[in-house]
Amino acid sequence: MNLYEFKSLQVNFFERSVKINGEDVQIVAKMYDLFEYLIRNKEIILSKNTLFNRVWGFESETTFSVVEVYISKLRKLLEKGELAGQLLTIKNAGYCWTEKDTSALQTFKFIKIHSKILVITPQNRLDYGKQLFISEIAG
């Protein structure tokens with residue numbers, strides 16, 4: 001797959017370029033690497049540790065907080081195409097790029113049990129049938 005398209009977003013993996021609403025977006029190399037890794041692993045919750053090791057490398061002298069900084073900057077870029085909501089932060093688990101409708105997510109809770117993320121519906125029921133996200137944490 002050389003081209004990823006979702007709503008107003010286009011990512012050309014061969015050219016390492018990003019467009020939102022048809023306009024080129026300037027993005028630094030590590031942010032692009034982070035974004036590409038999230039997209040290629042869409043619907044999978046990726047831990048901060050996994051993202052750091054894949055993008056910066058475990059021997060990097062940078063701290064893990066760089067992941068949070070780049071995620072924040074990436075969200076600001078994605079706001080141009082009203083896509084910031086597609087980049088999820090799952091508390092105590094990691095981050096996830098999703099193509100699913102995230103408008104109702106504020107009413108859902110996520111809990112971690114034995115490396116699985118379960119979704120609790122607003123009625124406080126575990127929702128096994130309608131999985132909103134892949135439940136395994138990669139890494």
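Author: The buried residues of helix 3 are covered by, among others, strand 3, strand 4 (23-25), helix 1 (29-40), helix 2 (48-55), strand 6 (87-90) and strand 7 (94-97), where contact means heavy atoms within 4.5 Å. Helices (H or I, at least four residues) and strands (E, at least two) are DSSP runs, numbered from the N terminus. This is a predicted model, so to speak: local features need pLDDT of at least 70, side-chain atom pairs count only at pLDDT 80 or more, and totals for chains, interfaces and linings use all residues. Residues are numbered from 1 along each chain as its sequence is written, and side-chain values use heavy atoms, leaving out hydrogens and water.

So who's buried (under 20% relative accessible area, 1.4 Å probe, protein chains only)? In helix 3, that's V66, V67, Y70, I71, L74, L77 and L78. Looking down the axis of helix 3, these buried residues fall within an arc of 135 degrees, so they line one face of the helix; the arc is taken from the directions from the helix axis to the C-beta atoms. Here's the general idea: an α-helix has 3.6 residues a turn, so residues three or four places apart point the same way.

Now for Y70. Together with F52, W56 and F64, Y70 forms one aromatic cluster; rings of Phe, Tyr and Trp (its six-membered ring) pair if their centres lie within 6.5 Å. The charged end of K73 also sits over the ring of Y70, 5.9 Å from its centre, which counts when NZ of Lys or CZ of Arg is within 6 Å of the ring centre and within 35 degrees of the ring normal.

Technical notes
Buried < 20%, exposed > 50% of the residue type's maximum accessible area, 1.4 Å probe, protein only. Phe/Tyr/Trp six-rings, centres within 6.5 Å; stacked < 30°, edge-to-face > 60°.
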